[in-house]
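The following paragraphs lead through a protein model step by step. Please keep the sequence and the structure in view while reading.

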Amino acid sequence: MSTRTGHALGDAHHSPADVAPDGTAPDGTAPADTAAPFSAPLPGPRSGSGTAPGPAARPFDAVLCDLDNVVRFYDTAPLAALERAAGLPEGTTEDVAYAPEIDLPLLLGRITPDAWVESIAAALADRVGEGRARDLARALADAPFRADEEVVSLLRRARTHVPLVLVTNATLRLDDDLALLGLDDLADAVVSSAVEQVAKPDPAIYRIAADRAGVPLDRCLFVDDRQENVDAAEALGMTGVLHREPACLRRALGPYAQAAAPYAGRVG
């Protein structure tokens, strides 16, 4: 995991009986799209919803969204308690863990999360001893995480209008993390730095994501919590959104923050 560089609990899956006539579930979210992940470019923007601008008026044709600190958040309170007990300032372990020389090999898929833990422990051992150093590193790697339900709902609604691609600096266990959160069906595609072996803000990962969405770069909305990543997206012609809270995403999505109405003639 990497809470700084972006390494997901999600909406419940709704059965047809749970879906209201307007296409939303009792909690106001759109039914989950169960389309399988795509390895080839996705179809073009969805139309015919009746609730969003037509193709000519669309502000964007795909949403590319970061994962950590936008959708997924970590609880580092247990780690902070261990740091206090070891006489370290809070945040010391993260400072060590997210230094480029320790973090980047993990994000590029060159080492496993366990090897990352060992690297962190080795860097901390002179300060707190090997045993405590390993405990601190493991507490960071195993920090519990949750998803922001409001953000998940907004993204599910947006996906009823346009393709959604997660673009994240992640580890090799990303698929397992998404499944644990119930978010393995959240997006049409997932672009992971550990799989692609290129990390944000490298322009290459943005081009891969746009290609997976099947949308030109200048027709993508890019959402991230780090300014440098947003700046890189905007340099490629994307519309960038610096995420601070769900309201930021809601404003950026505009009419796409509402679930699309059922297509005319839909049965069931």
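Predicted model: local features only at pLDDT ≥ 70, side-chain atom pairs only at ≥ 80, totals over all residues.

Thr 93 is found in helix H2 (residues 92-97); here helices (H or I, at least four residues) and strands (E, at least two) are DSSP runs, numbered from the N terminus. At 0% relative accessibility, Thr 93 counts as buried, where buried means under 20% relative accessible area, exposed over 50%, and partly exposed in between (1.4 Å probe, protein chains only). Which residues does Thr 93 touch, not counting residues up to four places away in sequence? They are Leu 79, Glu 83, Ile 120, Leu 124, Leu 136, Ala 137 and Leu 140, a contact being heavy atoms within 4.5 Å.

Residues are numbered from 1 along each chain as its sequence is written, and side-chain values use heavy atoms, with hydrogens and water left out.

The sheet comes next. In general, strands of a sheet pair through backbone hydrogen bonds, either parallel or antiparallel. In this model, 5 strands form an open sheet with parallel pairing, in the order E5-E4-E1-E6-E7; two strands pair if DSSP finds at least two bridges between them. E5 and strand E7 (239-242) stand at the edges with a single partner strand each, so one side of each is left without a neighbour in the sheet. From one strand to the next, the twist averages 20 degrees; for such angles, axes are lines fitted to C-alpha atoms, for helices over the stretch in contact, and angles run from 0 to 180 degrees between N-to-C directions.

Leu 221 has Thr 239 in E7 as its bridge partner. Val 165 has Ala 189 in E5 as its bridge partner. The chain passes from E4 through helix H7 (residues 174-181) to E5, a β-α-β crossover that is right-handed: with the strands pointing away from the viewer, the path from the first strand over the helix to the second runs clockwise.

An α-helix has 3.6 residues a turn, so residues three or four places apart point the same way. After H7 comes Gly 182, whose phi is positive, near 75 degrees.

Salt bridges link further parts of the chain. A salt bridge is a side-chain nitrogen of Lys or Arg within 4 Å of a carboxyl oxygen of Asp or Glu, and by this rule the count comes to 14. One of them joins the side chains of Asp 61 and Arg 219 (3.0 Å, N to O). Asp 61 lies in the segment before strand E1 (62-65) and Arg 219 in the loop between helix H9 (203-213) and E6, so the pair ties together parts that are 158 residues apart in sequence. Asp 61 is buried, with a relative accessible area of 13%, and Arg 219 is partly exposed at 23%.

Another salt bridge is that of Asp 66 and Lys 200 (2.8 Å, N to O). Asp 66 is in the loop between E1 and E2, and Lys 200 in the loop between helix H8 (193-196) and H9, 134 residues apart. Both Asp 66 and Lys 200 are buried.

The loop between H8 and H9 also holds Pro 201, which a cis peptide bond joins to Lys 200, with omega about 10 degrees. Gln 197 is found in the loop between H8 and H9 as well; its phi is near 60 degrees, a positive value in a residue other than glycine. Gln 197 is exposed, with a relative accessible area of 53%.
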